[in-house]
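I opened this notebook to record what I looked up in one structure. The entries follow the order in which I made them.

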Amino acid sequence: MKKNLDELMARLNQRIDAGGDPAGMLQALCETMQQELAGYDWVGFYLVDPQSPRELILGPYAGAPTDHTRIAFGEGICGQAADSGETFVIDDVSKQSNYLSCGINVKSEIVVPVFEGDRLVGELDIDSHTPAAFGEEDRRLCEAVAALLGPLCREAAAIQ
Ligand code: SME
């Protein structure tokens with residue numbers, strides 16, 4: 001890796017403290033991570049649908065458009081992470097049977113659930129064109145970022 005992660009986290013914290021439009025803040029975070037972190041080719045959020053709590057809806061993202069705008073719990077990597085509440089790190093997506101492809105270039109993926117208290121409110125999903133792009137440092141970074149975003153994801157889902 002990568003870039004100066006402490007500095008990225010400090011900027012994120014500053015933005016959250018400053019407040020503002022939740023979807024806009026998530027969008028800005030996606031763009032920052034996608035632009036500044038090597039191998040983070042698609043960075044986005046799936047948000048738990050307040051109207052249908054066993055479904056995820058595509059939220060803010062940076063990268064190529066995806067057909068997967070709505071994902072049921074249990075479906076694909078995102079749906080499995082939603083069901084289990086645990087981070088999924090996939091080194092080689094071609095080896096996954098329960099996987100929703102977002103393009104032939106995608107080789108590896110990390111999905112980190114976002115909680116507000118005990119309640120799942122969304123997920124941070126990152127795709128890479130590089131195989132096995134996400135190591136322990138990436139997992140720690142993404143989990144640290146996700147831990148800050150519960151209220152923002154819940155608020156962004158409510159106004160989608
Ligand atoms: N690959 C994900 C779907 C979302 S895209 O990566 C944007 C999955 O299998 O759930």
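This is a predicted model: local features need pLDDT of at least 70, side-chain atom pairs count only at pLDDT 80 or more; totals for chains, interfaces and linings use all residues.

**Entry 1. Two helices.** I began with helix 1 (residues 5–18) and helix 4 (residues 136–147), whose axes come within 11 Å and cross at roughly 10 degrees. An angle under 35 degrees counts as roughly parallel, and the two helices are therefore roughly parallel to each other. I then listed the residues that make the contact: Leu5, Leu8, Met9 and Leu12 from helix 1, and Glu137, Leu141, Ala144 and Val145 from helix 4.

**Entry 2. The cores.** Which residues have the most contacts inside the largest nonpolar core? I found Met33, Tyr40, Phe45, Leu124, Ile126, Leu141 and Leu149, in a core of 33 residues. At least two residues each are supplied by helix 1, helix 2 (22–36), strand 1 (42–49), strand 2 (52–62), strand 5, strand 6 (119–128), helix 4 and helix 5 (150–158). Helix 2 gives the largest share, five residues. I recorded a further core, apart from this one, with 17 residues that include Val48, Leu58, Ala81 and Val106.

I followed Phe45 in more detail. Beyond four places in sequence, Phe45 touches Leu26, Leu29, Cys30, Ile57, Leu58, Gly59, Pro60, Glu123, Leu124, Leu149 and Cys153.

**Entry 3. Ser108.** I located Ser108 in strand 5 (residues 108–116). Is Ser108 buried or exposed? Its relative accessibility is 0%, and buried means under 20%, so Ser108 counts as buried. I looked up the polar partners of its side chain. A polar atom of the Ser108 side chain lies 2.6 Å from the backbone oxygen of Thr130, and the side chain also reaches the backbone nitrogen of Ala133 at 3.2 Å. With neighbours within four places in sequence left aside, I listed the contacts of Ser108 as Ile90, Asp91, Val93, Ile126, Asp127, Ser128, Thr130, Pro131, Ala132, Ala133 and Phe134.

**Entry 4. Gln34.** I placed Gln34 in helix 2. Gln34 counts as partly exposed because its relative accessibility is 24%. The backbone oxygen of Asp41 is 3.1 Å from a polar atom of the Gln34 side chain. Asp41 is also among the contacts of Gln34 beyond four places in sequence, together with Tyr40, Val43, Ala62 and Gly63. I noted that Gln34 and Pro22 are 12 residues apart along the chain, with their C-alpha atoms separated by 18 Å.

**Entry 5. Asp83.** I found Asp83 in helix 3 (residues 76–84). Beyond four places in sequence, Asp83 touches Arg54, Phe73 and Gly74. From Asp83 to Met25, 58 residues apart along the chain, the C-alpha separation is 26 Å.

**Entry 6. Ser94.** Where is Ser94 found? I located Ser94 in the loop between strand 4 (88–90) and strand 5. Its relative accessibility is 61%, so Ser94 counts as exposed. I recorded a polar contact of 2.6 Å between the side chains of Ser94 and Asp92. Ser94 and Leu141 lie 25 Å apart in space, C-alpha to C-alpha, and 47 residues apart in sequence.

Methods:
Residues are numbered from 1 along each chain as its sequence is written. Side-chain values use heavy atoms; hydrogens and water are left out. Axes are lines fitted to C-alpha atoms, for helices over the stretch in contact, and angles run from 0 to 180 degrees between N-to-C directions. Helices (H or I, at least four residues) and strands (E, at least two) are DSSP runs, numbered from the N terminus. Angles under 35 degrees count as roughly parallel, over 145 as roughly antiparallel, 65 to 115 as roughly perpendicular and the rest as oblique. Contact means heavy atoms within 4.5 Å. Buried means under 20% relative accessible area, exposed over 50%, partly exposed in between (1.4 Å probe, protein chains only). A polar contact is a pair of N or O atoms within 3.5 Å; within protein, one must be able to donate a hydrogen and the other to accept it, and residues adjacent in sequence count only if both atoms are side-chain atoms. A nonpolar core is a set of buried Ala, Val, Leu, Ile, Met, Phe, Trp, Tyr and Cys residues joined through side-chain atoms within 4.5 Å.
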